[in-house]
Amino acid sequence: MTLRWIKVLLVLSMGLMCLFYALQNIANLDAVYYFVGSVLTMADHEYYPNTFAFAVEGNGLIQVASWIIILLEALAGLLFLFAAWLLIKQINSPAIVFQKTKSMTFIAAGVATLVWFGLFHVLGGAFFQMWQTPLGDSAFNGSFTYFASILLITFFVNLHED
């Protein structure tokens, strides 16, 4: 039973983390627009100045990209919180029922992985080369921490308790 509660608390923690990042981004929208804009415009790329990719210059597109990030972070957070609630409802159920209830955790982890791996590493890192600037490199490295934490916790949550 203790292991189940630990897993519930970890899922809850992931939900709060995702929501906190979304809310912090909303509280700092101008900074978000600046950051996303600096990545999408590919400004100050000195290490690999030539690219096959294209820069995004329009303020409207930068704002849309920023809101996509924020909304996906919020969605991941809400899905994790919903997953934690479902797990709590089944905390005393037989092992097979509790295990099946974990599926919402995997959906939430999929959305979170899309944000911090898909958007930050694939698009930001590989396509827009965000690692070339100090600001981009910091976010690139931070996103790996979030992505790795979510994957490790999700794998742990998936393990059978009984």
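At which residue does helix 5 bend, and by about how many degrees?

## The bend in helix 5

In this predicted model, helix 5 bends at glycine 118, and the angle there is about 35 degrees. Just after helix 5, the chain reaches glutamine 129, a residue with a positive phi of about 55 degrees.

Just after helix 2 comes methionine 42, which takes a positive phi of about 60 degrees.

Which residues of helix 2 are buried? They are Val32, Tyr33, Phe35, Val36, Gly37, Ser38, Val39 and Leu40. These buried residues pack against helix 1, helix 3 (59-89), helix 5 and helix 6.

## Salt bridges at glutamate 161

The structure holds three salt bridges. One of them joins arginine 4 to glutamate 161, with the closest N and O atoms 3.8 Å apart. Because arginine 4 lies in helix 1 (residues 2-27) and glutamate 161 in the segment after helix 6 (134-158), this pair ties together parts of the chain that are 157 residues apart in sequence. Arginine 4 and glutamate 161 are both buried.

Glutamate 161 also meets the side chain of lysine 7 in a salt bridge, at 2.6 Å from N to O. Since lysine 7 lies in helix 1 and glutamate 161 in the segment after helix 6, the pair ties together parts that are 154 residues apart in sequence; lysine 7 and glutamate 161 are both buried. A further salt bridge connects lysine 102 with glutamate 161, and here the closest N and O atoms are 2.6 Å apart. Lysine 102 sits in the loop between helix 4 (95-101) and helix 5 (103-127), and the pair links distant parts of the chain, 59 residues apart. Both lysine 102 and glutamate 161 are buried. Through salt bridges that share partners, Arg4, Lys7, Lys102 and Glu161 are joined into one network.

Terms used. Residues are numbered from 1 along each chain as its sequence is written. This is a predicted model: local features need pLDDT of at least 70, side-chain atom pairs count only at pLDDT 80 or more; totals for chains, interfaces and linings use all residues. Side-chain values use heavy atoms; hydrogens and water are left out. A salt bridge is a side-chain nitrogen of Lys or Arg within 4 Å of a carboxyl oxygen of Asp or Glu. Helices (H or I, at least four residues) and strands (E, at least two) are DSSP runs, numbered from the N terminus. Buried means under 20% relative accessible area, exposed over 50%, partly exposed in between (1.4 Å probe, protein chains only). Contact means heavy atoms within 4.5 Å. The bend at a residue is the angle between axes fitted to the seven residues ending there and the seven starting there.
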